[in-house]
Amino acid sequence: MPARYSLTEQDVVAGNDMWRRHQMNIWPLVAVMAFSWLLISAYFARTFAGFALAAVSFGVLAINLALAAVALWHGKRKSRLMAASTFRAASDQGREVKVTWNADGIEFSQRKANRKQAWREISHWAESDETFVMLGRGGMFNPIPKRAFSAADLEQIRDHLTRTGAKKAKLFFY
């Protein structure tokens, strides 16, 4: 039942990506885009009477979509850089971690650190092909490389999480 692994920068960035995609709330961006699209289109339609409203609206929409794409890209890039930078600055980066679990919770142990987390403290979980991430309340996330687990171990952890109310995270597409 105990598993051992050493986190890599790639593991931490993958965990951060899933955490960010879980936290993402797209509706404020959509609202700002829609409002600015309507406002700018109305302004151009009134100011430049020679332009067709449809052409102006399409042009403004294209600019808004491009700006939204840049904002999403920049947010993802900045989040990844911060996660990688924090990992590189950690004194225990790359050291072996031993993880054990039972019906009460999961425990992470390193040479100089030990942390126990009850299953009920984990609100969501997510996984990719390479990484399993437990998402706690308050913005904490624990990336664990799947290479540390057998298929049975992963199924057992998913079962503990599900039984204590943790949900599989819904991840934003980007």
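Modeller: The model is a predicted one, and it holds five aromatic pairs. In one of them, the ring centres of tryptophan 101 and phenylalanine 149 are 5.7 Å apart and the planes meet at 75°; because planes over 60 degrees apart count as edge-to-face, this pair is edge-to-face. The pair joins distant parts of the chain, 48 residues apart: tryptophan 101 belongs to strand 2 (residues 96-101), whereas phenylalanine 149 lies in the loop between strand 7 (141-145) and helix 4 (151-163). Tryptophan 101 and phenylalanine 149 are both buried.

Another pair is formed by tryptophan 125 and phenylalanine 132, whose ring centres are also 5.7 Å apart. Here the planes are at 15°, so the pair is stacked. Tryptophan 125 is buried, with a relative accessible area of 7%, and phenylalanine 132 is buried with a value of 0%. A ring is also involved in a contact of another kind: the charged end of lysine 76 sits over the ring of tyrosine 174, 4.3 Å from its centre.

The 13 residues of helix 4 should span 18 Å at 1.5 Å a residue, and its end C-alpha atoms are 18 Å apart, which agrees. The buried residues of helix 4 are Asp153, Leu154, Ile157, Arg158, His160 and Leu161. These residues cover an arc of only 160° around the axis, so they lie on the same side of helix 4. In general, an α-helix has 3.6 residues a turn, so residues three or four places apart point the same way. Ala151, Ala152 and Arg163, on the other side of helix 4, are exposed. The buried residues of helix 4 pack against strand 2, strand 5 (122-127) and strand 6 (131-136). After helix 4 comes glycine 165, with a positive phi near 100°.

Leu161 of helix 4 leads on to the largest nonpolar core, which has 19 residues and in which Met134 and Leu161 have the most contacts. At least two residues of this core come from each of strand 1 (3-6), strand 2, strand 3 (105-109), strand 5, strand 6 and helix 4. Beyond its neighbours within four places in sequence, methionine 134 is in contact with several residues, including Phe108, Trp119, Trp125, Phe141 and Leu161. A second, separate core has five residues, among them Met18, Ala126, Leu135 and Ala169.

Technical notes. Residues are numbered from 1 along each chain as its sequence is written. This is a predicted model: local features need pLDDT of at least 70, side-chain atom pairs count only at pLDDT 80 or more; totals for chains, interfaces and linings use all residues. Side-chain values use heavy atoms; hydrogens and water are left out. Rings of Phe, Tyr and Trp (its six-membered ring) pair if their centres lie within 6.5 Å; planes under 30 degrees apart count as stacked, over 60 as edge-to-face and the rest as tilted. Helices (H or I, at least four residues) and strands (E, at least two) are DSSP runs, numbered from the N terminus. Buried means under 20% relative accessible area, exposed over 50%, partly exposed in between (1.4 Å probe, protein chains only). A charge sits over a ring if NZ of Lys or CZ of Arg is within 6 Å of the ring centre and within 35 degrees of the ring normal. The expected span of a helix is 1.5 Å times one less than its number of residues. The arc is that of the directions from the helix axis to the C-beta atoms. Contact means heavy atoms within 4.5 Å. A nonpolar core is a set of buried Ala, Val, Leu, Ile, Met, Phe, Trp, Tyr and Cys residues joined through side-chain atoms within 4.5 Å.
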